[in-house]
Amino acid sequence: MEFGLRDLLTIITVVGGGYATVRVIETKLARLISDVKELRATIKEIFNALDELQEGRGVIESQVSTFKTILSPSNLDKASREISDVQARLTVAEDRLNSLAKMHNGEHKPVAVK
């Protein structure tokens with residue numbers, strides 16, 4: 001079997017094409033690795049933002065629960081009764097104060113000295 005110039009050129013062309021293909025694959029692989037690193041960084045940022053949102057949501061849910069307890073019908077009814085009781089006591093205290101003011105009428109009555 002003899003190798004001629006044509007066969008040598010064919011082998012060189014095949015090897016050169018293989019080398020070029022390997023270089024293209026290496027370049028694309030390097031680019032893919034770089035893209036994967038960027039995607040990981042982006043995913044990490046998204047997870048961090050999601051964690052912050054979930055923390056904020058937890059705070060809001062806690063606040064809503066507190067308001068729900070404060071504004072429950074039973075608590076509002078109790079607070080209303082307490083306010084009514086305080087208003088009634090205030091009215092009684094004002095009446096007593098007014099009667100004391102009328103008794104003195106701005107002057108003290110003379111007190112007998114013993």
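Select E26 to begin: this residue is partly exposed, with a relative accessible area of 41% (buried means under 20%, exposed over 50%, and partly exposed in between, using a 1.4 Å probe and protein chains only). The model is a predicted one, in which local features need pLDDT of at least 70, side-chain atom pairs count only at pLDDT 80 or more, and totals for chains, interfaces and linings use all residues. Residues are numbered from 1 along each chain as its sequence is written, and side-chain values use heavy atoms, with hydrogens and water left out.

R23 and E26 form a salt bridge, with their closest N and O atoms 2.7 Å apart (a salt bridge is a side-chain nitrogen of Lys or Arg within 4 Å of a carboxyl oxygen of Asp or Glu). Side chains of opposite charge can pair when their charged atoms come close. R23 is also partly exposed, at 42% relative accessible area. Both residues belong to helix α1 and sit three residues apart, about one turn of the helix (helices are DSSP runs of H or I with at least four residues, strands are runs of E with at least two, and numbering goes from the N terminus).

Stay in helix α1 and select R57 and E61. These two are four residues apart, again about one turn of the helix. Their salt bridge has its closest N and O atoms 3.0 Å apart. R57 is exposed, with a relative accessible area of 56%, whereas E61 is partly exposed at 45%.

Next, select L39, I43, F47, L50 and L53. Together they form a nonpolar patch on the surface, with about 510 Å² of accessible area. A patch is made of residues with over 30% relative accessible area and no salt bridge; like charges are joined within 9 Å, and nonpolar side chains (Val, Leu, Ile, Met, Phe, Trp, Tyr) within 5 Å. Accessible areas come from the Shrake-Rupley method with a 1.4 Å probe, and for residues only the protein chains shown count as cover. L53 counts as exposed, at 62% relative accessibility.

Move to helix α2, residues 73-104, and select D85 and R89, which are four residues apart and so separated by about one helical turn. Their side chains meet in a salt bridge at 3.4 Å, N to O. D85 is partly exposed at 37% relative accessible area, and R89 is exposed at 59%. A search of the whole structure finds four salt bridges.

T91 is also in helix α2, and counts as partly exposed at 42% relative accessibility. Draw a distance from T91 to L39: the C-alpha atoms are 72 Å apart in space, and the residues are 52 apart in sequence.

Now zoom out to the whole chain. It has two helices and zero strands. The radius of gyration is 46 Å, well over the 13 Å that the globule rule gives for 114 residues, so the chain is more spread out than a compact globule (the radius is taken over C-alpha atoms, and the rule is 2.2 Å times the number of residues to the power 0.38). Along the principal axes, the C-alpha atoms fill a box of roughly 155 × 35 × 20 Å.

Colour by accessibility to finish: buried residues make up 1% of the 114 residues. The chain exposes about 11,200 Å², of which carbon and sulfur atoms supply 63%.
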